[in-house]
Amino acid sequence: MDFNFQAALWYLLAADCAFAITVSWFCQDWYRQSFPAIFKHFPATKAWCSVYLILTLWLGHSLLKQGVLPW
């Protein structure tokens, strides 16, 4: 099986999306207190993280239909 750069990037994006969803739903106070400068510019709200999840799943579905993702 050859290395697929697009699949590797999507897996990194999916891991980041999973982390963002977890922070927005369960650890938002910790994120706000631990990283106030980052929170000011990138607030982890449930709505934005849900949009991020939908876009990531849509991209994954497209890559899967094209045969790029090996699962």
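Is Thr 56 buried or exposed? The points below take this up after the overall fold.

1. Basis. This is a predicted model, and the remarks that follow should be read with that in mind.

2. Fold. The protein chain contains four helices and zero strands. Read from the N terminus, the order of elements is α-α-α-α. The radius of gyration is 15 Å, whereas the globule rule gives 11 Å for 71 residues, so the chain is more spread out than a compact globule. The C-alpha trace spans about 45 × 20 × 20 Å along its principal axes.

3. Burial and surface. Of the 71 residues in the protein chain, 23% count as buried. The accessible surface of the chain is about 5,500 Å², and carbon and sulfur atoms make up 71% of that area.

4. Contacts along the sequence. Among contacts in the protein chain with a separation of 6 or more, 65% are between residues 24 or more positions apart.

5. Thr 56. This residue lies in helix H4, which covers residues 46–65. To return to the opening question, Thr 56 is buried, because its relative accessible area is 4%, under the 20% cut-off.

6. Cysteines. How many disulfides does the structure hold? There are zero. Cys 17 takes part in no disulfide, and the nearest cysteine sulfur, in Cys 49, is 7.5 Å away. That distance is too far for a bond, since a disulfide requires the two sulfur atoms to be within 2.5 Å. Both side chains belong to buried residues: Cys 17 has a relative accessible area of 1%, and Cys 49 has one of 7%.

7. Nonpolar core. Which residues form the largest nonpolar core? There are five: Ala 7, Trp 10, Leu 63, Val 68 and Leu 69. In soluble globular proteins, nonpolar side chains tend to be buried together.

Conventions. Residues are numbered from 1 along each chain as its sequence is written. This is a predicted model: local features need pLDDT of at least 70, side-chain atom pairs count only at pLDDT 80 or more; totals for chains, interfaces and linings use all residues. Side-chain values use heavy atoms; hydrogens and water are left out. Helices (H or I, at least four residues) and strands (E, at least two) are DSSP runs, numbered from the N terminus. The radius of gyration is taken over C-alpha atoms; the globule rule is 2.2 Å times the number of residues to the power 0.38. Buried means under 20% relative accessible area, exposed over 50%, partly exposed in between (1.4 Å probe, protein chains only). Contact means heavy atoms within 4.5 Å. Accessible areas come from the Shrake-Rupley method with a 1.4 Å probe; for residues, only the protein chains shown count as cover. A nonpolar core is a set of buried Ala, Val, Leu, Ile, Met, Phe, Trp, Tyr and Cys residues joined through side-chain atoms within 4.5 Å.
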